[in-house]
Structure formats: structure tokens, C-alpha cells
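Subject: Structure for you to look at

Hello,

Here is the structure I promised. Please open it and keep it in view while you read my notes below.

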Amino acid sequence: MTTVKIPSRRAPARAGKHEPRARGAADGDATRQRLIEVALDHFGRRGFEATSTRTIAQQARANISAILYHFGGKHGLYIAVAEHIADFIGSRVAPLRIQIEVALANGSVDADGAVRLVEAAVARMTALMAEPQTEAFARFIVREQQEPTEAFVVIYERMMGVMLPLLRRLVAIATHDDPASESAGVRTFAIVGQLLVFRVARAAVLRQMVWQEVGPSQVQAIIATVQRSARAMLLSARAENTT
């Protein structure tokens with residue numbers, strides 16, 4: 001007698017039970033991300049105190065209770081925005097960061113190689129600041145620079161405090177200086193500052209340069225100019241330190 005095997009219904013039943021959970025998790029992640037993106041804009045424009053969580057929830061198409069659920073409240077949402085900024089920028093500069101870390105760890109960076117790596121950093125950071133998302137980032141970060149809170153600590157430790165020491169070491173190698181010296185630190189910030197002005201002073205730049213935007217051609221012009229400036233500064237300092 002032939003035995004007929006009846007297909008089990010358990011596997012489909014389990015899939016059916018898990019599918020709503022998967023959809024629920026995905027919906028929750030999407031809601032969380034919308035809240036962060038809307039909050040980023042509001043906190044950057046209005047600051048922490050003047051920002052309404054009810055308005056954030058409405059614009060994010062979420063219940064106000066979702067802020068409590070996902071972040072524990074307004075303060076937690078504010079910190080999550082800082083983490084979002086730091087993680088976004090960190091991911092964009094990660095390839096360059098790794099390249100610099102590996103080169104420094106191998107001891108293969110001479111003075112001229114350090115200059116080239118600084119130029120590569122100028123190019124990467126300038127291109128990053130031209131990305132549309134960084135406009136909202138800049139507003140938030142500038143507020144935190146003026147009146148630092150716990151959010152500044154997050155941004156600094158996850159992003160600024162990672163890249164700045166690497167750049168400072170490169171500047172020191174390029175100029176035959178001590179990374180811990182005041183001169184190496186000042187030169188590092190002088191180079192970074194040349195990039196930042198094109199983001200934090202965007203309105204003045206556009207008006208004075210009669211640009212409609214900071215697009216690809218403008219970015220290339222900025223990169224070339226700042227690279228030449230950084231190279232000239234580093235080579236001049238090297239000459240001073242070797243005489």
C-alpha cells in the first residue's frame with residue numbers, strides 16, 4: 001500500500017506568526033528614523049528648549065508616545081540625533097580614517113606622504129560638507145559648539161575626537177613637529193577651518209561668490225584651493241622647523 005505523506009502545516013504557521021513581528025519591527029525602525037530626521041531639523045533650527053516633541057511627532061507621522069517608547073523622552077531623542085550625526089559622518093570618512101590609521105601603524109608615513117594624506121583628508125571632508133544632509137548637521141553642531149551639552153560629547157568622541165588626532169599627527173609628521181605641540185594643533189585647526197567656512201558661512205559664500213549652489217564644480221575649486229593652502233602652510237612650517 002502506498003503511503004501518502006501529508007504536508008506539514010507547521011512551517012507555514014510559524015512563518016505566519018513571525019511575519020507580523022518582522023513587519024512590526026521594520027515599521028518601528030522606520031518610525032524611529034523619521035523621528036530622528038524631523039527632530040534633527042527642529043533641534044538645529046530652534047534648539048532643545050524651544051522644540052516641541054508634539055510637533056516632531058506630528059511631522060514624523062507618529063504618536064507622541066513613540067518618542068517615549070523609542071528614546072525615553074525628549075532628552076533621549078536629542079542624544080539620538082547626535083548619535084545619528086556622528087554615525088553618518090563617521091561612516092563617510094571611515095575609508096580615509098582606516099587608510100591613515102594603517103599607514104601610521106605601519107610607520108610608512110614620511111613628511112611628504114603626510115602632506116598627501118592631509119590633502120586626501122581635505123578632499124574627503126570638503127565633499128562630505130557639500131552633501132545635502134550636512135546642512136542640518138551643521139546647524140545642530142554649531143549650536144553645540146556654542147553651548148556644549150552631552151550631545152557635543154557624543155559627537156566629539158565618536159567623530160571629531162577620532163579624526164582630529166589623526167590629522168594632528170599627520171600635520172606633525174609633515175612639519176617635523178611634535179603632535180602634542182601647540183603649533184601642530186593650531187595648524188590642524190587652521191586647515192580644517194578653511195573647509196568649515198564653506199558650510200557654516202554658506203550664505204555669505206554664495207552671496208560673495210555669486211554662486212547659486214555649492215555644486216560639483218564649486219567643490220572641486222574649493223578642494224584645489226584648500227589643498228594648495230594646506231600644502232604651502234605645511235611646507236613652510238617644515239622649512240622653519242629644519243633650520
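**Aromatic pairs**

The count of aromatic pairs comes to six, taking rings of Phe, Tyr and Trp as paired if their centres lie within 6.5 Å. Keep in mind that this is a predicted model.

Start with Tyr-78 and Phe-140. Their ring centres are 4.9 Å apart, with 40° between the planes, and the pair is tilted. Where do the two residues of this pair sit in the chain? Tyr-78 is in helix H4, residues 74–106. Phe-140 is in helix H6, residues 134–146.

Is Tyr-78 buried or exposed? Tyr-78 has a relative accessible area of 8%, so it is buried, because buried means under 20%. Phe-140 has a relative accessible area of 1%, so it is buried too.

Now turn to Phe-88 and Phe-137. The ring centres are 5.2 Å apart and the planes stand at 75°. Why is this pair edge-to-face? The angle is the reason: planes over 60 degrees apart count as edge-to-face, so the pair at 75° is edge-to-face. Phe-88 lies in helix H4 and Phe-137 in helix H6, so this pair ties together parts that are 49 residues apart in sequence. Both Phe-88 and Phe-137 are buried.

**A cluster and a charge**

Tyr-78 and Phe-140 also belong to one aromatic cluster, together with Phe-43 and Phe-48. Lys-74 lies over the face of its ring, 4.6 Å from the ring centre.

Best wishes

Notes: Residues numbered from 1 in each chain as written. Predicted model: local features only at pLDDT ≥ 70, side-chain atom pairs only at ≥ 80, totals over all residues. Heavy atoms only, no water. Phe/Tyr/Trp six-rings, centres within 6.5 Å; stacked < 30°, edge-to-face > 60°. Helix = DSSP H or I, 4+ residues; strand = E, 2+ residues; numbered from the N terminus. Buried < 20%, exposed > 50% of the residue type's maximum accessible area, 1.4 Å probe, protein only. Lys NZ or Arg CZ within 6 Å of the ring centre and 35° of its normal.
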